[in-house]
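Please look through the structure shown here slowly, keeping the sequence beside it as you read. The paragraphs that follow move from the whole chain to its parts.

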Amino acid sequence: MFPDENDPSVDWGTLTCADFIALCTDYLEGALALDDRARFEHHITVCQGCDRWLDQIRVTVEAVGGLEEDLVPAGVLDGLIHAFRDWKASTPGALEKPAL
Ligand SMILES: [Zn+2]
């Protein structure tokens, strides 16, 4: 059963905007525990910035999900791969999941 927004046993206030952003991927993949999902969805109702952020992520995921690798010219793909590797190599921890 999904927690009731008025349930005092649910700690609604501990989800920060940083927590929200860190949980976005898991939320969109349906991988959040029920309590975390409830706190996540509650945060959207009280934080317009994160609500907009989530909308933008959804639009981006939908747009990118429709792209196919063969639609990208080979030279462009190679350039992106090299740029991404260089960025990753020069940015320690760049792709690590933030600690919760
Ligand atoms: Zn927020």
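**Following the chain**

Read along the sequence, the protein chain follows the pattern α-α-α-α, and it holds 4 helices and 0 strands, where helices (H or I, at least four residues) and strands (E, at least two) are DSSP runs numbered from the N terminus. This is a predicted model, in which local features need pLDDT of at least 70 and side-chain atom pairs count only at pLDDT 80 or more, while totals for chains, interfaces and linings use all residues. Residues are numbered from 1 along each chain as its sequence is written.

Of the 100 residues in the protein chain, buried residues make up 7%; a residue is buried if 20 or more other C-beta atoms lie within 10 Å of its own, exposed if 12 or fewer, and partly exposed in between, with C-beta atoms placed from the backbone. Two residues are in contact if their C-beta atoms, placed from the backbone, lie within 7 Å, and among contacts in the protein chain between residues at least 6 apart in sequence, 59% join residues at least 24 apart.

Helix α1 has 12 residues and reaches 16 Å from its first C-alpha to its last, close to the 16 Å expected at 1.5 Å a residue, the expected span being 1.5 Å times one less than the number of residues. Just after α1, Gly-30 takes a positive phi of about 70°.

Two packed helices are described by the angle between their axes and the distance between the axes. Axes are lines fitted to C-alpha atoms, for helices over the stretch in contact, and angles run from 0 to 180 degrees between N-to-C directions. Helix α1 (residues 17-28) packs with helix α2 (residues 34-46) at an angle of about 120°, their axes being 11 Å apart. The two helices α1 and α2 are therefore oblique to each other, since angles under 35 degrees count as roughly parallel, over 145 as roughly antiparallel, 65 to 115 as roughly perpendicular and the rest as oblique. On the α1 side the contact is made by Phe-20, Leu-23 and Tyr-27, and on the α2 side by Asp-36, Arg-37, Phe-40 and His-43.

One of these residues, Arg-37, is found in helix α2 and is partly exposed, with 17 other C-beta atoms within 10 Å. Leaving aside its neighbours within four places in sequence, Arg-37 is in contact with Tyr-27 and Leu-32. Arg-37 and Tyr-27 are 10 residues apart in sequence and 6.8 Å apart in space, C-alpha to C-alpha.

Helix α1 also packs with helix α3 (residues 48-65), at an angle of about 30° and with their axes 11 Å apart, and α1 and α3 are therefore roughly parallel to each other. The contact is made by Cys-17, Phe-20, Ile-21, Cys-24 and Leu-28 of α1, together with Gly-49, Cys-50, Trp-53, Leu-54, Ile-57 and Val-61 of α3.

What number of the 17 residues of α4 is buried? The number is 0, so α4 lies largely in the open. At 1.5 Å a residue, the 17 residues of helix α4 (residues 74-90) should span 24 Å, which agrees with its end C-alpha atoms being 24 Å apart.
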